[in-house]
Amino acid sequence: MSPAELLDRVFTFEGTGQLLALDFVQSSLLAGALLALVAGALGPLVVARQVSFAVHGTSELTFTGAAAALLVSASAVSVGALVGAVTAALVFGLLGLRERERERDSVIGVVLAFGLGLGGLFLWLYEGRASNQFSLLFGQIVAVGRDDLWLLAAAVAAVLVVLAAAWRPLLFASVDADVARARGVPVRGLSVVFAVLVGVATGLAVPTVGALLVLALLITPAAAAAHLTANPVTAMLLATLIAEVAVVGGIVASLAPGAPISAYVTAIAFVMYLSCRVTGAVRARRGSSRRAVTT
Amino acid sequence: MNGAHVTTAGGTEATPQVHRRSRDAAAVRLRDARLAYGTRTLWDGLDLDVSPGEFLAVLGPNGSGKTSLLRVLLGLTPLSAGRVELAGSPARRGSRTVGYVPQQRALEPGLTLRGRDLVGLGLDGHRWGFGLPSPTRRQRVLEALDAVGARQYANAPVGQLSGGEQQRLRVAQALVGDPDVLLCDEPLLSLDLAHQRTVSELIDARRRAAGTAVLFVTHEINPVLPMVDRVLYLVDGRFRIGAPDEVMTSAVLSELYATEVDVIRVRDRLLVVGAPDHDHHLGQP
């Protein structure tokens, strides 16, 4: 295949219009938009708490949980993913309370490598369709049914409600745990709450967007937003917007080529990250410097 | 001499402008307080009254229970025996009567938090919910920023400020709730001399203007020596409370350390020579 043909194959919108009219395409777009909402909202706190690696570990272990569930029944995958994700997030969250940072990261690395290997074994044992296996890593958003959508919407709403209720103490504990503790904020309890929130979000996202894509939703938009604003609320809104553009844009772009959505979503997120970074740097250089970064 | 103490003597003449807080109620009151971890007793029989507006320096070597004392006052560690009261009520976790200034530790450069957000957390960061912006809240935060001269970096990302600027914001954060007692845990550590002076002068000005009692844990008394009304010096379960001139003497410190210690006065600085383990590292008890 020549480079031109390759490009044509990857970037084509032939028939995108008809595809968008399809029911299952609309369901996946809605699912993607819901996931982006929760990922964008949680992302800035993930970045502030410096737990990106733990989130990555959580999404890999979600894959393990989903793969194990696949052995039982293909319909148990989402439950398996959720159980795997919340367990992993809780373990890493509690680990973060006890271990020093360096030890924490190496322990996460050790556990996630083992979990990934175990997941590989489960997939090998699984005798169903190979596409199910592939989708756990790279996402299979077309698999979202109407019922799944309602469940997803309910779970996303629950995460957002808890996040809003715990927002101030969670932010306090995330930016300055010592002072927050001194002010009576239940720092440990909030770590557990946050771990569960991240676990639920990851567990929801993995069967749909794939284990490898979760970081593109949770980390990239938040990291991009941080280059444009220091206001925590604006950062959260901006991260959500970036996540939405990446997911919805990525799904639409992947329709006509029929390619896995992960490449498109991550690419859009990455390009937005780069432009935010450049914009932030240019703004900082324009003399007005750091004091100018206001809202 | 275990238990030697001077009750609420210092401070009154140093605080002519205490207007809002009653003078009779001690801001901090410890009675026969004992703190022990397992078989190890950090201190015992500690009686201490700190008046509103008084500046008390808490000194002592590593592991002598300075930080633990703050934890007791913050309600994070219960006393093994005795009583502890802040502004008349028992110490409890998350009390509004206490402000807390920690050691300077750099905030992440990429943190999405502005100076005003950091200060605002001191006002309502412990409350549940999202917290909608209100003119009153905004006003209080700006006043707190003004009080420490940090208005010009209200909107700057905190992670990009210098250590001294961050520490000013932390003082504002501790004071924005208008506490009766300000607890400072080595707030000058890792600051350069100029910033040490600014931060300690801010704290000094506040306690004079608003009658806030200050407990200032430090391994180094010199930066705050001119402001200190009394010293609580803790060593291995022994302690002494009194004016700096009474406590910071060769005789008293030699007794506390149970070894020969010399205190030398060079101009307006005190040099403590021969005290073992006078390092800067503070950890959990």
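Tutor: Start with contact: two residues are in contact if their C-beta atoms, placed from the backbone, lie within 7 Å. Axes are lines fitted to C-alpha atoms, for helices over the stretch in contact, and angles run from 0 to 180 degrees between N-to-C directions. Helices (H or I, at least four residues) and strands (E, at least two) are DSSP runs, numbered from the N terminus. With that, helix α5 (residues 193-210) of chain B lies across β3, β7 (181-185) and β8 of chain B. Its angle to β8(B) is about 155°.

Tutor: Two ground rules. This is a predicted model, where local features need pLDDT of at least 70 and side-chain atom pairs count only at pLDDT 80 or more, while totals for chains, interfaces and linings use all residues. Residues are numbered from 1 along each chain as its sequence is written, and chains are lettered from A and ligands numbered from 1 in the order in which they are written.

Student: What makes β3 and β8 of chain B a pair?

Tutor: Two strands pair if DSSP finds at least two bridges between them. Strand β3 (residues 55-59) and strand β8 (residues 213-217) of chain B have four bridges and run parallel. B:F55 stands opposite B:V214 there.

Student: Why are β6 and β10 of chain B said to stand at the edges?

Tutor: Take the strand order first: β6-β7-β8-β3-β9-β10 in chain B, an open sheet of six strands with mixed pairing. β6 (98-101) and β10 (238-242) each have a single partner strand, so one side of each lacks a neighbour in the sheet. Neighbouring strands of this sheet are turned by 15° against each other on average, direction ignored.

Student: What makes β4(B) and β5(B) a pair, and what lies between them?

Tutor: They have two bridges, in the antiparallel sense. B:L86 has B:S89 as its bridge partner in β5(B). The two strands form a hairpin with two residues between them, and B:A87 in the turn has a positive phi of about 45°. Both belong to an open antiparallel sheet of four strands, β2-β1-β4-β5 of chain B.

Student: How do you know that the length of α4(B) agrees with its residue count?

Tutor: The expected span is 1.5 Å times one less than the number of residues. Helix α4 (residues 163-175) of chain B has 13 residues, so it should span 18 Å, and its end C-alpha atoms are 18 Å apart. The values agree.

Student: Why is α4(B) called mostly covered?

Tutor: A residue is buried if 20 or more other C-beta atoms lie within 10 Å of its own, exposed if 12 or fewer, and partly exposed in between; C-beta atoms are placed from the backbone. In α4(B), 11 of 13 residues are buried, including B:L169 and B:V171. The buried residues pack against β6, α2 (115-124), α3 (135-147), β7 and α5 of chain B.

Student: What makes a nonpolar core?

Tutor: It is a set of buried Ala, Val, Leu, Ile, Met, Phe, Trp, Tyr and Cys residues joined through C-beta atoms within 7 Å. The largest one has 178 residues, and B:L73 is one of those with the most contacts inside it. α3(A) gives the most to this core, with 13 residues. B:L73 touches residues including B:V28, B:V84 and B:L215, not counting those up to four places away in sequence.

Student: How many residues of chain A are in contact with chain B?

Tutor: 29 residues of chain A are in contact with 28 residues of chain B. α8(A) gives the most to the chain A side, with nine residues.
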